[in-house]
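This report is meant for someone meeting the structure for the first time. The sequence and the model come first, and the description follows.

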Amino acid sequence: MEIIRIPRIMQDTSKGHILRGRTIGFVPTMGVLHEGHLSLVRRAKQENDITTVSIFVNPAQFGPSEDFKQYPRDIEGDTAKLFREEADILFMPDALLIYPEGFSTYVEVEKISERLCGAFRPAHFKGVATVVTKLLNIVKPTKAYFGRKDFQQTIVIKQLVKDLDMDADIVVCPTLREQDGLAMSSRNAYLDIRQREAATVIYKCLIEAADLIKSGIIDANYIKGVMQDGLLKEPAVSGLDYAGVYDPVTLSELSEIKGDTLLAVAVKIGNTRLIDNMLVIPVRKYE
Ligand code: AMP
């Protein structure tokens, strides 16, 4: 596995592969890799000639009071995992090479960035959209792989790729979960044993809501109420940013369930903010 730290060298390496007719699969991450990340790497390997993984904790997507400084890092462990997965390239740039002095261009995806997490993390998606644009320009992938765990991020990225006529195909992969249903996340490392146990409430509430929809309930406000009650009943939940029923295309809140539905949650357990979601697609009957 080749380790590249300089954007210019990464760009030239990708150009070389493209000239030779090779496809490039790209998995951008912030490191502390778990099975969720590795499932994206495996998918990229299956579908492409070259697999490039980036590890970059992007300062631009953290708010001033958020966990940029504390965000877990494990370069040695990550390198070993990617080596075992037989990734071809690990791109690990320094923040000063991504945002050099004088950097002044940002990418903003309107409307969908303002909803859900965007309402609570005002500059977050501007930081995400900017870094993903830069990474796609540097790595030049044929396909880029993202997890559905960060549902809003996937639609922000799809929108920016479409609006800016970028070349990469965006592939959205399923959320990997722990055995008890908790979505894998690098931030789970912040939880103590009691909080880790309590965090299962998130998945339980998503399943409960999905079951209500499957049983034929169409009143989204009722379902939202059940979700919020379930979460707030758990004493370890110290804050509820949102929990509810949304249109998976526009991310606007639904009052009535008519078709594909996104259930989404952002809660704080202690000081740790966790997000999760579930897409409920009604079975269509044909006669
Ligand atoms: P992060 O390092 O948290 O920025 O995540 C890097 C990529 O991995 C993003 O596309 C995430 O959506 C994806 N990812 C994170 N957690 C999971 C998971 N549990 N299952 C699948 N993909 C995930």
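## Terms and source

Helices (H or I, at least four residues) and strands (E, at least two) are DSSP runs, numbered from the N terminus. The model is a predicted one, in which local features need pLDDT of at least 70 and side-chain atom pairs count only at pLDDT 80 or more, while totals for chains, interfaces and linings use all residues. Residues are numbered from 1 along each chain as its sequence is written, and side-chain values use heavy atoms, with hydrogens and water left out.

## Two loop residues with positive phi

Glu86 is found in the loop between helix 3 (75-84) and strand 4. Although Glu86 is not a glycine, its phi is positive, at about 65°. Buried means under 20% relative accessible area, exposed over 50%, and partly exposed in between (1.4 Å probe, protein chains only). Glu86 counts as exposed because its relative accessible area is 54%.

Val32 lies in another loop, the one between strand 2 and helix 2. Val32 is not a glycine either, and has a positive phi of about 50°.

## The ligand and its shell

A residue is near a molecule or strand if one of its heavy atoms lies within 4 Å of it. There are 17 residues around the ligand, and those that come nearest are Met30, His37, Asp150, Leu176 and Met184. By class, the shell has eight nonpolar, seven polar and two charged residues. Here Ala, Val, Leu, Ile, Met, Phe, Trp, Tyr, Cys and Pro count as nonpolar, Asp, Glu, Lys and Arg as charged, and the others, Gly among them, as polar.

A polar contact is a pair of N or O atoms within 3.5 Å; within protein, one must be able to donate a hydrogen and the other to accept it, and residues adjacent in sequence count only if both atoms are side-chain atoms. A polar backbone atom of Met30 is 2.9 Å from an oxygen atom of the ligand. An oxygen atom of the ligand also lies 2.9 Å from a backbone N or O atom of Gly147. At Met184, a polar backbone atom is 2.9 Å from a nitrogen atom of the ligand. The ligand taken alone exposes 490 Å², and the protein buries 93% of that; these areas come from the Shrake-Rupley method with a 1.4 Å probe, and for residues only the protein chains shown count as cover. Strand 2 (24-29), helix 2 (35-47) and strand 5 (143-147) are the elements that give two or more residues to the shell. Helix 2 supplies the largest share, three residues.

## The nonpolar cores

A nonpolar core is a set of buried Ala, Val, Leu, Ile, Met, Phe, Trp, Tyr and Cys residues joined through side-chain atoms within 4.5 Å. The largest one has 42 residues, of which Leu136 and Tyr242 touch the most other members. At least two residues of this core come from each of strand 2, strand 4 (89-91), helix 6 (124-139), strand 5, helix 7, strand 7 (237-246) and strand 8 (261-269). The largest share, nine residues, is that of helix 6.

Contact means heavy atoms within 4.5 Å. Not counting residues up to four places away in sequence, Leu136 touches Phe26, Pro141, Ala144, Val161, Met166 and Ala168. Apart from this core lies another, of 30 residues, among them Ile223, Leu231, Val265 and Ile269.

## Four buried residues

Gln152 belongs to helix 7 (residues 151-163). Why does Gln152 count as buried? The reason is its relative accessibility of 5%. A polar atom of the Gln152 side chain lies 2.7 Å from the backbone oxygen of Ile112. Beyond four places in sequence, the contacts of Gln152 include Ser113, Arg115 and Leu251.

Arg273 is in strand 9 (residues 272-280), and is buried, with a relative accessible area of 18%. Its side chain makes a polar contact of 2.8 Å with the side chain of Asp241.

Val280 also lies in strand 9 and counts as buried at 6% relative accessibility. Among its contacts beyond four places in sequence are Ala210, Ile213 and Leu263.

Phe146 lies in strand 5 and counts as buried at 4% relative accessibility. Leaving aside neighbours within four places in sequence, its contacts include Pro28, Leu40 and Val132.
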